[in-house]
Amino acid sequence: MYVRTVKVRSTSGTTNEYVRVVEAYRHNGKVKQRVIADLGRKDLLVEMLPKLQRLLSGDADVARIVPDDAEMIDASTWGPVLAVRWVFDQLGLWPILDTALGKAKGVPFADRAFVLVANRLIRPSSEHGLAGWLETDFLCDRQGRRFIPHWHTHGRVRVHPRQLEAWYRTLDQLYRAKNKIEVALYTSRGHECDIIELLEIERHQ
């Protein structure tokens, strides 16, 4: 594992630098990287570094490090999303979806599909309800760019049409590639399923 920094452009046009813990692994003979933890913005971490060093070394008084008037800026939920991301990694879904869904302008279809799958597993809702969920749960693509809702009230619809269109287009891609995804997933993991079935048969004999 090692630490790396990435620059991410926000929707407001500003660019922030983030610090991540990255792990290298080998897949199909190729060396790839995956993010283990996002530590946050580099400029904020630099300010906190002296206090973190004292805290980790055991020389700090926690009461003095965390003042009484400390304000919570963001408390987004991210634990369940990490569990879904772990499942994607274990099943090898990222390369399968990249191949089956093809490329998209901006955010790849595979990353958008991850959001839709995570939403169905964690808090099932329509594409309209998905926008509200993105305000409480932290989801980002593989480049570390967070998915945020875009609101645009038009009659009864409050989500921006372009964001809704992006989700609908992703669903269309998933539907068209359904058979390819299933075959690829079975090809890559099917032998494990066969072993599990054999063990179940033996256990009941």
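Helices (H or I, at least four residues) and strands (E, at least two) are DSSP runs numbered from the N terminus. Setting aside residues up to four places away in sequence, glutamine 163 touches Ala131, Ile148, Pro149 and His150, where contact means heavy atoms within 4.5 Å.

The model is predicted: local features need pLDDT of at least 70, side-chain atom pairs count only at pLDDT 80 or more, and totals for chains, interfaces and linings use all residues. Residues are numbered from 1 along each chain as its sequence is written, and side-chain values use heavy atoms, with hydrogens and water left out.

## Overall fold

The chain contains eight helices and five strands. Read from the N terminus, the order of elements is β-β-β-α-α-α-α-α-α-β-β-α-α.

Of the 205 residues in the chain, 25% are buried. Among contacts between residues at least 6 apart in sequence, 44% join residues at least 24 apart. The chain exposes about 14500 Å², and carbon and sulfur atoms supply 57% of this area; accessible areas come from the Shrake-Rupley method with a 1.4 Å probe, and for residues only the protein chains shown count as cover.

Tryptophan 133 lies in helix H6, residues 127-134. With a relative accessible area of 1%, tryptophan 133 is buried. Beyond its neighbours within four places in sequence, it is in contact with Val81, Val115, Ala118, Asn119, Ile122, Arg123 and Leu139. Between tryptophan 133 and isoleucine 148 there are 9.3 Å from C-alpha to C-alpha, at a sequence separation of 15 residues.

Which residues of H6 are buried? They are Glu127, Leu130, Ala131, Trp133 and Leu134. Viewed down the axis of H6, these buried residues fall within an arc of 160°, so they line one face of the helix; the arc is that of the directions from the helix axis to the C-beta atoms. An α-helix has 3.6 residues a turn, so residues three or four places apart point the same way.

The largest nonpolar core has 24 residues, of which Val115, Trp133, Leu134 and Leu139 touch the most other members. At least two residues of this core come from each of helix H3 (79-91), helix H4 (93-101), helix H5 (109-122) and H6. H5 gives the most, with seven residues. Such a core is a set of buried Ala, Val, Leu, Ile, Met, Phe, Trp, Tyr and Cys residues joined through side-chain atoms within 4.5 Å. Leucine 134 touches Val115, Leu139, Arg146, Phe147, Ile148, Pro149 and Trp167, residues up to four places away in sequence not being counted.

## Salt bridges

Side chains of opposite charge can pair when their charged atoms come close. A salt bridge is a side-chain nitrogen of Lys or Arg within 4 Å of a carboxyl oxygen of Asp or Glu, and by this rule the count is eight. Arginine 142 forms one with aspartate 98, with the closest N and O atoms 2.9 Å apart. This pair links distant parts of the chain, 44 residues apart: arginine 142 is in the loop between H6 and strand S4 (151-154), and aspartate 98 is in helix H4. Both partners are partly exposed, arginine 142 at 28% and aspartate 98 at 33% relative accessibility.

Arginine 142 also meets aspartate 111 in a salt bridge (2.8 Å, N to O). Here the partners are 31 residues apart, with aspartate 111 in helix H5. Aspartate 111 is buried, at a relative accessible area of 3%. In helix H8 (residues 178-204), glutamate 182 and lysine 178 are four residues apart and so separated by about one helical turn; they form a salt bridge with closest N and O atoms 2.9 Å apart. Glutamate 182 is partly exposed at 43%, as is lysine 178 at 41%. Through shared partners, salt bridges join Asp98, Asp111 and Arg142 into one network.

## Surface patch

Met48, Leu52, Leu55 and Leu56 make a nonpolar surface patch of about 380 Å². Patches are made of residues with over 30% relative accessible area and no salt bridge; like charges are joined within 9 Å, and nonpolar side chains (Val, Leu, Ile, Met, Phe, Trp, Tyr) within 5 Å. Methionine 48 is in helix H1, residues 42-57, and is partly exposed, with a relative accessible area of 41%.

Technical notes. Buried means under 20% relative accessible area, exposed over 50%, partly exposed in between (1.4 Å probe, protein chains only).
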